[in-house]
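Please look through the sequence and the model shown below, and keep both at hand while reading.

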Amino acid sequence: MRINTRFTVAVHMLALIELNKARPSSSELMALSVGTNPVVIRQMMSALKRAGLIETQNGIPGCHLAKPAEQITLLDIYQAVKKKSDAPLFDFHPSPSPQCPIGRNIRDVMKTPLLDAQLAMEQALKAYTLRDIANCIIQRLA
């Protein structure tokens, strides 16, 4: 019962791009930093590029942010890497008993609280930018 790691990997990648402006942020460099395979990083880069968060140029290694870090929210990143096949933040167990009064009603009574929780999480992500994350990393390095 965990949210997949695509979101935190994407934030890691974008923070590296933001804080590593002096050198090209190649998929190999990002893979070393994240601790994964460059193929995984390139797949994530495709999603981030489709969302307009990064730009790449053919024949030139690395990438850069497509807009300033203070204009990229954590919600933007979350939405960029979230797949349509992903389960919502909360999902229901598949077979509640229709003979049980609780099993028969649990989905309907939980829809609103769970939707509210999803929206609250998204609002919290919207309140933070990539610049906020980069600044926190810089503070830890000082």
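This is a predicted model: local features need pLDDT of at least 70, side-chain atom pairs count only at pLDDT 80 or more; totals for chains, interfaces and linings use all residues.

Residues are numbered from 1 along each chain as its sequence is written, and side-chain values use heavy atoms, with hydrogens and water left out. Helices (H or I, at least four residues) and strands (E, at least two) are DSSP runs, numbered from the N terminus.

On the α1 side, Arg6, Val9, Ala10, Met13 and Leu14 meet Ile41, Met44, Met45 and Leu48 of α3, contact being defined as heavy atoms within 4.5 Å. The residues of this contact of α1 with α3 divide into eight nonpolar, no polar and one charged, with Ala, Val, Leu, Ile, Met, Phe, Trp, Tyr, Cys and Pro counted as nonpolar, Asp, Glu, Lys and Arg as charged, and the others, Gly among them, as polar.

The rings of Phe7 and Tyr78 have centres 5.8 Å apart and planes at 80 degrees, so the pair is edge-to-face (rings of Phe, Tyr and Trp, the last by its six-membered ring, pair if their centres lie within 6.5 Å; planes under 30 degrees apart count as stacked, over 60 as edge-to-face and the rest as tilted). The pair links distant parts of the chain, since Phe7 lies in helix α1 and Tyr78 in helix α4, residues 74–81, 71 residues apart. Both Phe7 and Tyr78 are buried, where buried means under 20% relative accessible area, exposed over 50% and partly exposed in between, with a 1.4 Å probe and protein chains only.

Six of the eight residues of α4 are buried, so this helix is largely enclosed by the rest of the structure. The buried residues of α4 are Leu74, Leu75, Ile77, Tyr78, Ala80 and Val81, and what covers them includes α1, α3, α5 (101–126) and α6 (130–141).

The strands come next. Strand β1, residues 54–57, and strand β2, residues 60–65, pair in the antiparallel sense over four bridges, given that two strands pair if DSSP finds at least two bridges between them. Ile54 stands opposite Leu65 in β2, and Thr56 stands opposite Cys63 in β2. The hairpin of β1 and β2 has two residues between the strands, and Gly59 takes a positive phi near 80 degrees there.

Some single residues complete the tour. Ser26, in the loop between α1 and α2 (27–34), is buried, with a relative accessible area of 16%, and its C-alpha atom is separated by 5.8 Å from that of Pro61, 35 residues apart along the chain. Leu141, in helix α6, is exposed, with a relative accessible area of 70%.
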